[in-house]
Amino acid sequence: LGFSVLVYGLGSKKALLEDFRVSHLSQEIHLVINGFFPSITLKSILNALTREVLEHQGTFRTPSDQIHFIAQTLKDSPDLHVYLLIYNIDGPMLRGEKTQSALGQLASLPNLHLVASIDHINAPLVWDQFKHSQFNWLWWECVTFQHYTEETSYENSLLVQQTGALVLSSLTHVLRSLTPNAR
């Protein structure tokens with residue numbers, strides 16, 4: 001009916017969405033995105049859609065060109081329906097303005113269907129009214145009380161530790177550049 005589905009509530013919803021994927025989308029074209037993965041990027045999502053789903057081997061200059069290609073391809077093939085499942089659409093790497101805007105543009109396509117989970121308590125604040133209208137969320141409370149085992153497995157990874165060190169290094173550099181009174 002043109003809605004994107006967003007499941008929220010206490011507990012991991014990965015198993016719930018995986019059951020949905022296996023039982024209802026096994027015969028459909030679908031792409032699963034782990035939003036909690038520390039190296040997921042908008043580029044990797046768009047590349048997966050264009051290369052693996054739409055089987056396009058060319059390159060694009062900008063993400064906007066790639067989104068336009070996806071939109072045009074789906075418009076030209078109205079019988080082609082693509083399901084995009086995003087575990088933790090509020091993951092650290094997906095929270096950015098550009099990424100959420102691009103995902104909203106994809107969600108607004110008539111034959112691209114988005115099913116996502118959200119876990120951060122303040123995550124709905126990521127979207128303004130315009131993005132809310134693009135996503136057209138249908139909110140479902142799905143309290144599972146399951147552990148966030150896979151979602152938190154990357155917290156102590158080398159990549160996350162390096163990122164933390166980079167932030168600390170940046171803060172130290174800024175503090176050293178301040179006068180004693182400003183510190």
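Me: How many salt bridges does the structure hold?
Reply: The structure holds four salt bridges, a salt bridge being a side-chain nitrogen of Lys or Arg within 4 Å of a carboxyl oxygen of Asp or Glu. This is a predicted model, in which local features need pLDDT of at least 70 and side-chain atom pairs count only at pLDDT 80 or more, while totals for chains, interfaces and linings use all residues. Residues are numbered from 1 along each chain as its sequence is written, and side-chain values use heavy atoms, with hydrogens and water left out.

Me: Which residue does Lys 13 form a salt bridge with?
Reply: Its partner is Asp 119, and the closest N and O atoms of the two are 2.6 Å apart. This pair links distant parts of the chain, since Lys 13 sits in the loop between β1 and α1 (14-24) and Asp 119 in the loop between β4 and α5, 106 residues apart. Helices (H or I, at least four residues) and strands (E, at least two) are DSSP runs, numbered from the N terminus.

Me: Is Lys 13 buried or exposed?
Reply: Lys 13 is buried, with a relative accessible area of 1%, whereas Asp 119 is partly exposed at 23%. Buried here means under 20% relative accessible area, exposed over 50%, and partly exposed in between, using a 1.4 Å probe and protein chains only.

Me: And what does Lys 131 pair with?
Reply: Lys 131 forms a salt bridge with Glu 97, where the closest N and O atoms are 2.7 Å apart. Here too distant parts of the chain are linked, with Lys 131 in helix α5 and Glu 97 in helix α4 (residues 97-107), 34 residues apart. Lys 131 is buried, with a relative accessible area of 3%, but Glu 97 is exposed at 53%.

Me: Which residues are linked with Lys 131 in a network of salt bridges?
Reply: The network links Glu 97, Asp 128 and Lys 131. Asp 128 reaches Lys 131 with the closest N and O atoms 3.8 Å apart, and Asp 128 counts as partly exposed at 39% relative accessibility.

Me: Switching to rings, how many aromatic pairs are there?
Reply: There are six aromatic pairs in the structure. Rings of Phe, Tyr and Trp (its six-membered ring) pair if their centres lie within 6.5 Å, and planes under 30 degrees apart count as stacked, over 60 as edge-to-face and the rest as tilted.

Me: Why is the pair of Trp 127 and Trp 137 called what it is?
Reply: The ring centres of Trp 127 and Trp 137 are 5.4 Å apart and their planes meet at 50°, so the pair is tilted. The two residues come from distant parts of the chain, Trp 127 from the loop between β4 (112-117) and α5 (129-135) and Trp 137 from strand β5 (residues 137-141), ten residues apart. Both Trp 127 and Trp 137 are buried.

Me: What about Trp 127 and Trp 139?
Reply: For Trp 127 and Trp 139 the centres are 6.4 Å apart and the planes are at 75°, so this pair is edge-to-face. It also links distant parts of the chain, with Trp 127 in the loop between β4 and α5 and Trp 139 in strand β5, twelve residues apart. Trp 127 has 5% relative accessibility, while Trp 139 is partly exposed at 35%.

Me: Which residues form one aromatic cluster with those?
Reply: The cluster is formed by Tyr 8, Trp 127, Phe 135, Trp 137 and Trp 139.

Me: What else is Thr 50 in contact with?
Reply: Leaving aside neighbours within four places in sequence, the contacts of Thr 50 (heavy atoms within 4.5 Å) include Glu 55, His 56, Phe 60, Phe 69 and Ile 70.

Me: Last one, how many helices and strands does the protein chain have?
Reply: The protein chain has six helices and five strands, which run β-α-β-α-α-β-α-β-α-β-α from the N terminus on. Buried residues make up 35% of its 183 residues, and among contacts between residues at least 6 apart in sequence, 76% join residues at least 24 apart.
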